[in-house]
Structure formats: C-alpha cells, structure tokens
Amino acid sequence: MKKSNLRKTNFKFNNYKKSKNRREINNNSCNLNQNVLNPFYISGLTQADGSFYCGIQKVKGKINIRLKFSPKFEIVVDLDSKDILYRIKEYFGCGSVIERKEDYTARFIVTNPDELKKIIIPHFKKYPVFFNKLHAFNLLIQILDLLSVNSKDRDNLSILKLAISMNSASRRSDEEILELCKILGNSEAIKKISDINTNMTSELTSGFLVGMIDGDGSFNVTFKKNGRVLPVLSLCYGATSLPLYEESKKFLGSSGTLSKSKSIFVLKISNINDLVDYVIPLMDTNPIHTEKKEHYKIWREVCLILKNESPLSKSSLLKILDLAYNMNKEGKRRKLSKDKYLELINKNL
C-alpha cells in the first residue's frame with residue numbers, strides 16, 4: 001500500500017473515533033476496502049502466525065558429514081483461509097503456497113536467499129514485527145549475510161549459533177546441539193543468543209493489530225444459562241508481549257480482562273460499549289481476510305443489535321440465535337443446545 005493510502009486510512013479512522021456520533025454505525029460499512037492488502041496487516045499476521053527460521057540438515061559426504069543451512073520465511077493458516085496466502089504471494093511476487101490436507105493447513109513459504117534478502121527483509125524493515133519475531137528476523141539477516149560468503153570461507157559455527165537462537169521454543173535438545181557443534185569441529189556446545197527485544201521498538205498501527213487479530217484472535221457469541229447473550233473478542237499475546245497489549249488498548253479500549261494460559265496471555269473484551277465504540281470501527285477500517293471475516297460479520301451484527309436495543313425483544317433474541325449459534329465450529333462446543341436456549345427464551349419472554 002502506498003504511503004498516501006495509509007495516511008487516508010489512518011485519517012479516516014482517527015476522525016471516526018473522534019466523531020460524536022461514532023456509535024451510529026452503518027451496517028453497510030462492514031469490511032470496506034476488501035481488495036486492499038495493508039502491508040502492516042501482513043506483518044501483524046506474521047506476528048501471530050508467521051516465523052523466520054533456519055533449518056539445519058546433516059548431509060553425508062564421501063569423507064565426512066557436513067551441515068546444510070536453509071533459511072526461510074513462513075506464514076501458516078487453516079486450510080479454509082488459504083486464499084489470503086495466495087494474495088500475500090501475489091503481494092510479494094515470490095514464494096509458494098503449500099496446501100496440506102493431512103493437518104488442514106496452508107503455508108506461504110519463501111526459501112530462495114535472493115528473494116529473502118531483496119523482498120522479505122526490506123518489507124519487515126519497513127513494517128516491523130516485535131519481540132521474539134523481531135529477534136528471529138534480525139538473526140535471519142545475519143545468517144543470509146554469512147551464507148553469501150563462498151562455502152570454503154564460510155563461518156559455519158557462527159551460522160549454527162544464529163540458527164539455534166532464532167526460536168526459543170525450538171525442539172532441539174542440548175545433546176543435539178552438541179552433536180551439531182562436533183560436526184563442525186567444536187567440542188563444546190555453543191550458547192544461544194539471548195532475545196533482548198523486550199520493549200516496543202516502533203509504533204503499533206491499526207493495520208498491524210488487525211493482522212494479529214486475524215491470526216490469533218476470535219469473534220464469539222456466548223449464550224448464557226440465564227438467557228443473556230454475550231459477544232466477546234479474544235486475542236492471544238505471547239508471554240513476552242505485554243507491552244504490545246498495553247499499546248493495543250488505544251485501539252481496543254481498556255475494559256478487557258487479561259488472563260494467563262500456559263505460556264500465553266489471553267485478552268477478552270465483552271463490554272458492549274468498547275466493542276461498538278472501538279473494536280467495530282477498527283475492524284471496519286482495516287478488514288480481515290481469513291475465514292474469520294464471516295464470523296466477524298455475524299458477530300458485528302449481534303453487537304449492534306445488543307447496543308441498539310435494551311432490553312432485547314423475543315424476536316431479536318431469536319434473530320441472534322439464528323445468526324450466531326453455528327458461527328464457530330458449527331455450535332459443537334456450546335454448553336447449551338439450541339433447543340435448550342429456545343426453551344429459555346420462551347420461558348423468560
């Protein structure tokens with residue numbers, strides 16, 4: 001996206017937030033500019049579902065074993081969302097999309113060193129990621145520089161150190177790392193490079209946040225046993241990403257609750273005022289592109305019904321039930337069956 005277009009988008013969004021009538025949202029405004037792929041969105045989706053990585057392969061030669069290093073950039077989504085990867089491939093003009101039915105995923109992958117250096121790296125320098133992803137990205141740059149040296153003069157031990165330091169969740173054991181070091185003639189295991197990217201290194205943009213939401217967020221409508229309807233936006237943050245959470249409040253409001261689940265933090269926003277005043281304007285100005293866009297349309301409509309009608313009439317409750325009951329996983333994970341909720345509606349209204 002050209003800078004002028006980004007300025008127009010941000011100007012439109014900022015004025016929208018400042019408007020006295022921002023609660024009066026037109027139903028027809030949902031998902032504007034669907035054909036425009038915001039470069040910040042791509043980086044946000046990468047923050048959620050992408051990775052910078054360097055594979056290490058042991059190759060048997062006639063005399064000894066050598067190591068082959070394979071740097072790559074990858075974004076992985078559900079197979080239902082494969083279309084966005086083809087659009088990202090078109091945006092970059094490189095890479096490939098691999099559809100895998102065995103694990104129901106689609107992957108956009110770039111492995112060509114020249115494409116990584118001339119296309120992928122310039123993009124993420126201009127539209128950066130944060131924290132652990134930024135750490136891996138910076139190491140990828142160094143690996144590509146070292147790999148550009150003639151193979152006989154290459155510092156393979158330094159490349160190995162960079163490669164094993166890219167992802168803290170790597171499955172390589174200390175024993176495996178030591179074995180790799182010995183192949184390169186080093187008798188001791190090398191220490192990983194620590195991730196020092198613990199602070200926000202650039203401004204969080206609305207497009208980036210929506211890319212994150214499209215990757216690690218979800219739109220849900222909960223049907224409570226007391227008959228209440230509760231729309232919720234959920235968004236996951238990495239264990240080191242709390243500064244990103246603080247910055248996102250500017251766009252999402254401050255009413256959400258943050259809880260820790262294993263190694264991640266989960267933000268849940270259910271306050272109808274923040275959903276309508278902050279989240280919906282954000283999403284309408286910066287459209288999402290995975291299969292979640294269909295969930296969002298339904299969720300959005302439910303939010304507006306709840307905002308504009310209090311208390312809810314029986315007809316509105318029935319409309320929400322019809323709209324939203326099957327929106328996620330076809331309603332299979334709901335604690336209340338559709339018939340049971342209908343009984344509650346008929347009993348209470």
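Modeller: A residue is buried when its relative accessible area is under 20%, exposed when that area is over 50%, and partly exposed in between, with a 1.4 Å probe and protein chains only. This is a predicted model, in which local features need pLDDT of at least 70, side-chain atom pairs count only at pLDDT 80 or more, and totals for chains, interfaces and linings use all residues. Residues are numbered from 1 along each chain as its sequence is written, and side-chain values use heavy atoms, with hydrogens and water left out.

Colleague: Why is S234 called buried?

Modeller: S234 has 7% relative accessibility, and the limit is under 20%, so the residue counts as buried. S234 lies in strand β6. Contact means heavy atoms within 4.5 Å; leaving aside neighbours within four places in sequence, S234 has such contacts with D216, G217, S218, N220, L267 and K268.

Colleague: What makes the pair of S234 and K268 a polar contact?

Modeller: A polar contact is a pair of N or O atoms within 3.5 Å; within protein, one must be able to donate a hydrogen and the other to accept it, and residues adjacent in sequence count only if both atoms are side-chain atoms. The side chains of S234 and K268 are 3.2 Å apart in this pair, and the limit is 3.5 Å, so the term applies.

Colleague: What makes β5 and β7 edge strands?

Modeller: The open sheet has 4 strands in the order β5-β6-β8-β7, with antiparallel pairing. Strands β5 (217-223) and β7 (257-261) each pair on one side only. On average, neighbouring strands of this sheet are turned by 30° against each other, direction ignored.

Colleague: Which helices lie across strands of this sheet, and how are their angles defined?

Modeller: Axes are lines fitted to C-alpha atoms, for helices over the stretch in contact, and angles run from 0 to 180 degrees between N-to-C directions. Helix α9 (residues 242-252) lies across β6, β7 and β8, at about 145° to β6. Helix α12 (residues 314-324) lies across β5 and β6, at about 135° to β5. K250 is found in α9, and its side chain makes a polar contact with that of E247 at 2.9 Å. K250 and S206 are 44 residues apart in sequence, with 9.4 Å between their C-alpha atoms.

Colleague: Why is helix α2 described as mostly covered?

Modeller: In α2 (residues 39-49), 10 of the 11 residues are buried, so each of those 10 falls under the 20% limit. Among them are F40, Y41, I42 and L45. N38 caps the N-terminal end of this helix, with a side-chain oxygen 2.8 Å from the backbone nitrogen of F40.

Colleague: How many helices and strands does the protein have, and what share of its residues is buried?

Modeller: The protein has 13 helices and 8 strands, and buried residues make up 45% of its 349 residues.

Colleague: What is the pLDDT over residues 1-32?

Modeller: The predictor's confidence in each residue, pLDDT, runs from 0 to 100. The mean for the protein is 87, and 87% of its residues reach 70 or more. Over residues 1-32 the pLDDT is below 50, although this stretch has 55 contacts in the model beyond near neighbours in sequence. Where pLDDT is low, the predicted coordinates should not be read in detail.

Terms used: Two strands pair if DSSP finds at least two bridges between them. Helices (H or I, at least four residues) and strands (E, at least two) are DSSP runs, numbered from the N terminus.
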